[in-house]
Amino acid sequence: VLDAVGSTELTFTTTNWQTPQTITLRVLDDDIAEETTDYTVTHAAVSVDTDYSGTSMFHPSASLAVRVYDDADEVAVVVSDTMLMVIEGGVTDSFEVVLSSQPAGGAQVALTTPDGQVTLSSTLLDFTEGNWNVPQTVTVSAINDSMFEEAKLVRVVMSMSSADAAYNTNDIIVPDDTVMVKVFDNDVRGIDINRAVVGVTE
């Protein structure tokens, strides 16, 4: 948002007409990543002297073009770790997700596990204007079953949703939109033999 510091009206009299007066413009410094924006500041004069009333006497123009640049707010969804390890029935692992700038209207990160084998502490992370810069933690746990399986890699896939077009794409998830999880089994492959001493009589 562009506005003026102080008054937007300048008064020239018969004693100060030749003294320049200054209007200072400023923009609101926020955490929202924005495109470069062009504004137009217009001027109009009011006077009992018709030669100084209106807009035609301004030189070179009654309109001033102002271009506002963002102060390098980056658009990114930052994932703390993209390689995890979990063990069935015990060891869990986790990663954090946070935004690098404030999205207009908030943003959501949906998480899915297309390969199965693991569960997540949360499948939807909601970032708002109040918590966009607070890391949210996702804990990954292996599904514990009684079947022996070799260690395997499975995926946790993230996807973005936002009313802010800059945050409505998976391309901004860094370093990647997929977290790989190596799952180790806690079952042992084999046949258990229960041995006992048995006495028999002819």
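Analyst: In this predicted model, the largest pocket holds about 1,000 Å³ of space. It is lined by 24 residues, and those closest to its centre are L10, F12, A44, A45 and F58. A pocket here is an open set of points on a 1 Å grid over the protein atoms alone, with protein on both sides within 12 Å along at least five of seven lines; a cavity is a set of points where a 1.4 Å probe fits but cannot get out, and lining residues have an atom within 4 Å of a point. Grid points are joined across faces, edges and corners, and a volume is the space filled by probe spheres set on the points.

The lining of the largest pocket divides into 15 nonpolar, eight polar and one charged residues. In this scheme Ala, Val, Leu, Ile, Met, Phe, Trp, Tyr, Cys and Pro are nonpolar, Asp, Glu, Lys and Arg are charged, and the others, Gly among them, are polar.

The largest cavity contains about 30 Å³, and its lining consists of E88, Q117, E149, E150, K152, V183, F184 and D185. By class, that lining has five charged, two nonpolar and one polar residues.

Of its 202 residues, 25% are buried, meaning under 20% relative accessible area, with exposed over 50% and partly exposed in between (1.4 Å probe, protein chains only). Among contacts (heavy atoms within 4.5 Å) between residues at least 6 apart in sequence, 64% join residues at least 24 apart.

One salt bridge is found in the whole structure, the term denoting a side-chain nitrogen of Lys or Arg within 4 Å of a carboxyl oxygen of Asp or Glu. It pairs the side chains of R155 and D115 at 2.9 Å, N to O. R155 belongs to strand 12 (residues 152-162), while D115 sits in the loop between strand 8 (107-112) and strand 9 (118-120), 40 residues away in the chain. R155 is partly exposed at 35% relative accessibility, and D115 is likewise partly exposed at 34%.

Residues are numbered from 1 along each chain as its sequence is written. As this is a predicted model, local features need pLDDT of at least 70 and side-chain atom pairs count only at pLDDT 80 or more, whereas totals for chains, interfaces and linings use all residues; side-chain values use heavy atoms, with hydrogens and water left out.

Terms used. Helix = DSSP H or I, 4+ residues; strand = E, 2+ residues; numbered from the N terminus.
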